[in-house]
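Subject: Structure handover

Hello,

Here is the structure I promised to pass on. Please open it and keep it beside you as you read my notes.

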Amino acid sequence: MTILAIDNLRGGYSEVDILNGIDLSLSEGEILTVAGTNGAGKSTLAKAIVGLLPRVSGAVRIDGRDILGLPAEDRIGLGIGYVPQVANIFPSLSILENLQVVQGVKDHKARIAELFALFPLLGERRRTRAGSLSGGERQQLAFARALMPRPKLMILDEPTAALSPARVADVFSLIARLPSLGVTVLMVEQRARQALAISDRGCILDGGKVALEGAATTLLADERAAELYLGRGRTEG
Amino acid sequence: MDAYLAAIAIIALIYMLLSLGLTLQYGLTGLINFGHVGFFAIGAYTSALLSLQGLPLALTIPAAAVTAGLAAWPIGLISLRLRDDYFAIVTLGFSETVRLVITSEKWLTNGVQGIPGIPRLFETISVGIGAQLAVMGVILAVTLVAIYAMRRIVASPFGRVIEAIRDNEEALQALGKDPAGFKIQVLILGSALAGIAGAFYAHYITYIVPDQFIPLVTFYVWMAIIIGGVGRVSGAIVGTGLLMLFLEGSRFLRDIVPGVSEVEMASLRIGVVGLLLVLFTIYRPQGLMGDFTKR
């Protein structure tokens, strides 16, 4: 069943279009990696889906409902979780307070307990100021917070950016677990090979358009994709 | 001497209310308000004018809070979506506009001549230390209520959201919250506190003129919260207390520093405050009580 359908999505921050007509769809329980060179429009696409891009046209449908006209706060209410790139926690608040910021969650306390069971390290350090966490721990907190309202779709914007190589694998294994929690994932990622390795499908953006799309294994084996976007034989991470 | 100390305490308490308002706006929410004195002035003139029409102070002081809060509302609506530095310039411009309006609208404010004869709090008590202590007690009570309310705000869901705005607005938007609505509420609440401070000031000094509401007042409040510790209620209290102690205490320095005139001493004091501020931001940027980055 299609959970996210994007039709002819165009838009940008000012007059210039960064997204130039993107068509994309995502089925329930899938992990989709969106890769591409710098400036291809990956993060802009993520922002457009969650409602943080000032100027957009086309259609973004969640379960068949067009949400493009809705403000960001209403989209989150429809079950979209978003983890922004790098600065995605509230550093002066404690771990617990970072989760408590999310309001309107049914059984708030029970949900926090569930997430602490899922992320034991966060539970053990719940009173610790989030600003004192390491990069990997911060990313865990950002994921936990995005999971608070029980989203059915999570948009991850470069979840491994600014992480040490040792922590990158941890974050990818965390993302790989999300479908088992009932969460469909659209992940924008620079480390395309590693991301595709845990994904069902992938798409590669170029100039604000989908240049290539297909099964993750097919893209990883695709000569053109490797040549142009994924870095042939390059060791990542 | 008792009356002098009571006078210093009253002014310090009035500044504490201003500092608490700015702590709510900048310390907790990250709003750079360089126009705090504008709301202080609105509160002072509102309460003064209404009381001169015969209204009781029990009504005019809340009216000052409401007027200052309402004045903040359109400022928030039109400018809070601007970047931080632009918002700071807008608020500075606003406070200067307020000063120009009260200077030029003579029919209402008596212009540069100011408003004399503003009713005092506890006018029935004869002038003297008794009246001073009664006034101090009322302002202290209001300040304590404001401190209690601030502490409740910090511990509330609303407090967590505004601190999240200060920390990372985009991450908050990613959670489906609209920061602008929260920022407007904070701007209104902090400005209402400044309005109450203004009302107390007018009824204590009993004579107000536009020149009492210059940007220096705003920057004294900024100094107080920076010295005390940004984002801490205790920082606002300690910082204001110390700043007032220095500003008043340094008046006596002239007695021990020969050859310095009154005017030179006034400039010297401001220079020393500026130097202290520079030293604080270099050597103790978190302030005396520690700022919001420490727990």
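Confidence first. In this predicted model, chain B has an average pLDDT of 90, and 97% of the residues score at least 70. Where pLDDT is low, the predicted coordinates should not be read in detail.

Some ground rules. Residues are numbered from 1 along each chain as its sequence is written, while chains are lettered from A and ligands numbered from 1 in the order in which they are written. Local features need pLDDT of at least 70, side-chain atom pairs count only at pLDDT 80 or more, totals for chains, interfaces and linings use all residues, and side-chain values use heavy atoms, with hydrogens and water left out. Helices (H or I, at least four residues) and strands (E, at least two) are DSSP runs, numbered from the N terminus.

Now the helix packing in chain B. The axes of H6(B) (residues 129–155) and H7(B) (residues 157–167) come within 4 Å and cross at roughly 75°. Axes here are lines fitted to C-alpha atoms, for helices over the stretch in contact, and angles run from 0 to 180 degrees between N-to-C directions. H6(B) and H7(B) are therefore roughly perpendicular to each other. (Under 35 degrees counts as roughly parallel, over 145 as roughly antiparallel, 65 to 115 as roughly perpendicular, and the rest as oblique.) Ile153(B), Val154(B) and Ala155(B) of H6(B) meet residues of H7(B), including Pro157(B), Phe158(B) and Ile162(B). Contact means heavy atoms within 4.5 Å. The residues of this contact are six nonpolar, one polar and two charged. (Ala, Val, Leu, Ile, Met, Phe, Trp, Tyr, Cys and Pro count as nonpolar; Asp, Glu, Lys and Arg as charged; the others, Gly among them, as polar.)

H7(B) also meets H1(B). Their axes come within 8 Å and cross at roughly 55°. That makes H1(B) oblique to H7(B). Leu24(B), Tyr26(B), Gly27(B) and Leu28(B) of H1(B) touch Ile162(B), Glu163(B) and Arg166(B) of H7(B).

Next, the pockets. A pocket is an open set of points, on a 1 Å grid over the protein atoms alone, where a 1.4 Å probe fits, with protein on both sides within 12 Å along at least five of seven lines; lining residues have an atom within 4 Å of a point. The largest pocket holds about 430 Å³. Its lining has 19 residues, with Tyr15(B), Tyr220(B), Leu247(B), Glu248(B) and Arg251(B) nearest the centre. H1(B) supplies the largest share, five residues. The lining has 15 nonpolar, one polar and three charged residues.

The second largest pocket has a volume of about 370 Å³. (A volume is the space filled by probe spheres set on the points, which are joined across faces, edges and corners.) It is lined by 16 residues, and among those nearest its centre are Arg81(B) and Asp178(B). Helix H2 (72–77) of chain A gives two or more lining residues, as do H8(B) (169–173) and H9(B) (179–205). Seven lining residues are nonpolar, two polar and seven charged.

Last, two backbone points in chain A. Asp107(A) has a positive phi, near 50°, and lies in the loop between H3(A) and H4(A). Glu158(A) has a positive phi near 45°.

Best wishes

Note on methods
pLDDT is the predictor's confidence in each residue, from 0 to 100.
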